[in-house]
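Hi,

Here is the structure I promised to pass on. Have a look at it first, and my notes follow below.

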Amino acid sequence: MWKSVLDHVSNRHKWSGNSLFHQCCHRRISSSEAKKICWIKPGTPAHLALEEVVLNNKLLKDLAKLTDFCHTGKIEVYHSMMLKYCSKREHFSYKGMVARTQLAALDNNANTGRKQARIKEGERAGEARYKLCFPKANKQWVVKPITEKKSFQYLSGLLSEVVKRVELGNAIIPAMPVHLPKNIPSKPAPIVADTIKQHRSRFNR
């Protein structure tokens, strides 16, 4: 698709060279419309200069990697929100960590995919809301969309289930099995004294 730019700018919108992409995705351009567009003729200096950019090997390799590009913004937002449930400054038990992690996952899943907020009143009512930001990387003022407020409706079902368990006398949850990972060493630890005797420094002859 990227290489087809060279054909499109020269008013050639169908071809048979590529294996997957054989024509442009836009609607058919009529002859009257085509006369009003300044096309680039193949072989001209302008077309050759564009060809050097489009067919650059380094750029083509980068585009192949960008095809499967996945933005990490949402997972970073989740990790930031999880710190509100599992603060690194406090110590929690194993059960507490599991419960807090589950609460963070429920909160995240219930509020994923929120739409952009809209202005409700005034002359600009109905327009999308944005906020000004000044990133340190490019040091330029930019706008970022403001999403709708978070919803906590999922808590009502969770709280009602807790009250139901208390009323039925099932408030006490049985002990949760703890599956701790194996230690990194594949061998049992030797006696320290024996290890000291076997120790040799590279500075000793």
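**What turned up**

E33 is partly exposed, at 31% relative accessible area (partly exposed lies between buried, under 20%, and exposed, over 50%, with a 1.4 Å probe and protein chains only). Its side chain meets that of R27 in a salt bridge, 3.0 Å from N to O; the term means a side-chain nitrogen of Lys or Arg within 4 Å of a carboxyl oxygen of Asp or Glu. R27 is exposed, at 57%.

Before I go on: this is a predicted model, where local features need pLDDT of at least 70, side-chain atom pairs count only at pLDDT 80 or more, and totals for chains, interfaces and linings use all residues. Residues are numbered from 1 along each chain as its sequence is written, and side-chain values use heavy atoms, leaving out hydrogens and water.

The whole structure has five salt bridges. Another one joins D7 and R12 at 2.7 Å, N to O. Here D7 is buried at 18% relative accessibility, while R12 is partly exposed at 40%.

Then there's the largest nonpolar core, with six residues: Y78, M81, M82, Y85, C86 and A104. By that I mean buried Ala, Val, Leu, Ile, Met, Phe, Trp, Tyr and Cys residues joined through side-chain atoms within 4.5 Å. Helix α5 (residues 73-85) gives the most to this core, four residues; helices are DSSP runs of H or I, at least four residues, numbered from the N terminus.

Beyond its neighbours within four places in sequence, Y85 has contacts (heavy atoms within 4.5 Å) that include F92, L103 and Y154.

Cheers

Conventions
Helices (H or I, at least four residues) and strands (E, at least two) are DSSP runs, numbered from the N terminus.
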